[in-house]
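Hi there,

Here is the structure I promised to pass on to you.

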Amino acid sequence: MVVLPIRFERSPRLHPMLSEVAHPVGTRVVVQGKRGPEVATVRGEPTPPQEQERYGAVLRAASPEDVSRWEELHRTGEDLKWLLRARARQRSLPVKVVAVEFTLDESLVTVSYSAEERIELTGLISELRGHTRARVNFAAVGPREQAQMIGTLGACGRENCSSTHLQDFAPVSIRMARDQQLPLNPEKLSGPCGRLLCCLQFEHTQYLDLLKDLPRKNARVCHEGSGACGKVTKLHPLAGTVDVTTDQGVLTDVPAAELRRLTEAEIKALPETGRGGGRPGKPNRAPRE
């Protein structure tokens, strides 16, 4: 027995499954999935099974009849998807039908949908009864799963990561955008799914390593060569430089290696104008009484 990485058509995630035959990469096989028998594709080399691991099962190599039947069911599912979308509009149901998928033996049809609130979908079952006798299962999917199943183009012009190579949806936070010095513009930071871009996490660890060698924003620093002191206003992690506003109001782009960070004692010893970092030509505001 060997373990083969199997990929279903609906997502790029690889599923390890036990097989008695080491089918070559690219072979279409019939597997026993959670929903029933399905056709999938071998996407990697065989490996030995691991103890205490749970695997699915590869039943056999897909025959031409299996592939033909699977493609026919796929076309039927596409037709039913558009039918259900039309019926949902007629019934004024706030739902989007994402996909309609059959098992190979047509014993189960799964209707994947997205909706912002919980709604009653039993009325759509009657629309399917005239086209199939399969048992109907409704499965709610989130925005990222929807983008994964449909497939969209990202801001880079390529197909979105969730439908090409992502194995899991790792958490993405706005802090990742801050660490990468990106403008906090929701339109530029959101993907087609409306959530934060998955690619923000790809280089986050690298940015954290680069930021270790840079002074923090608003830190007081002095240039080793000129002796000019000022406040860090912007970081450029990839270039290894920072923007510094000096006490004279001059903005310079200098390498971080040429800067010396001031200690708390040195900052306290500076005159008020040196500590304020205010705009040139404007006096510091008097304290309120």
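**The largest pocket**

By class, 11 nonpolar, 10 polar and nine charged residues make up the lining of the largest pocket. Here Ala, Val, Leu, Ile, Met, Phe, Trp, Tyr, Cys and Pro count as nonpolar, Asp, Glu, Lys and Arg as charged, and the others, Gly among them, as polar.

A word on the source before I go on. This is a predicted model, in which local features need pLDDT of at least 70 and side-chain atom pairs count only at pLDDT 80 or more, while totals for chains, interfaces and linings use all residues. Residues are numbered from 1 along each chain as its sequence is written, and side-chain values use heavy atoms, with hydrogens and water left out.

The volume of the largest pocket is about 840 Å³. Of the 30 residues that line it, F8, R10, R13, H15 and K34 are the closest to its centre. Strand 2 (14–19), strand 7, strand 8 (135–140) and helix 3 are the elements that give two or more residues to this lining. Strand 2 gives the most, with four residues. (A pocket is found on a 1 Å grid over the protein atoms alone, as an open set of points where a 1.4 Å probe fits, with protein on both sides within 12 Å along at least five of seven lines; lining residues have an atom within 4 Å of a point. Grid points are joined across faces, edges and corners, and a volume is the space filled by probe spheres set on the points. Helices (H or I, at least four residues) and strands (E, at least two) are DSSP runs, numbered from the N terminus.)

**The second largest pocket**

The second largest pocket holds about 500 Å³ of space. Of the 25 residues in its lining, G154, C156, C161, L197 and C199 are the closest to the centre. Helix 3 and helix 5 (186–189) each supply at least two residues of that lining. By class, the lining has 14 nonpolar, seven polar and four charged residues.

Just after helix 3, G151 has a positive phi of about 85 degrees.

**The barrel**

Five strands close into a barrel in the order 1-2-5-3-4, with mixed pairing. (Two strands pair if DSSP finds at least two bridges between them.) From one strand to the next, the twist averages 55 degrees. (Axes are lines fitted to C-alpha atoms, for helices over the stretch in contact, and angles run from 0 to 180 degrees between N-to-C directions.)

Strand 1 (residues 2–7) runs antiparallel to strand 2, and six bridges join the two. A hairpin through six residues links them, and R7 has L14 of strand 2 as its bridge partner. Strand 1 is also joined to strand 4 (residues 37–42), by two antiparallel bridges, with I6 opposite V42. Strand 3 (residues 28–32) and strand 5 (residues 56–61) run antiparallel too, with four bridges between them; V29 has A61 as its bridge partner there.

- P16 lies in strand 2 and is partly exposed, with a relative accessible area of 42%. Not counting residues up to four places away in sequence, P16 touches V3, L4, Y55 and G56 (contact means heavy atoms within 4.5 Å).
- E38 lies in strand 4 and counts as buried, at 3% relative accessibility. Leaving aside neighbours within four places in sequence, E38 is in contact with F8, R10, V29, V30, V31, G33, W70 and L104. The C-alpha atoms of E38 and V58 are 9.8 Å apart in space, for residues 20 apart in sequence.

Strand 9 (residues 220–223) and strand 13 are joined by three bridges, and C222 stands opposite R260 of strand 13.

Best wishes

Key
Buried means under 20% relative accessible area, exposed over 50%, partly exposed in between (1.4 Å probe, protein chains only).
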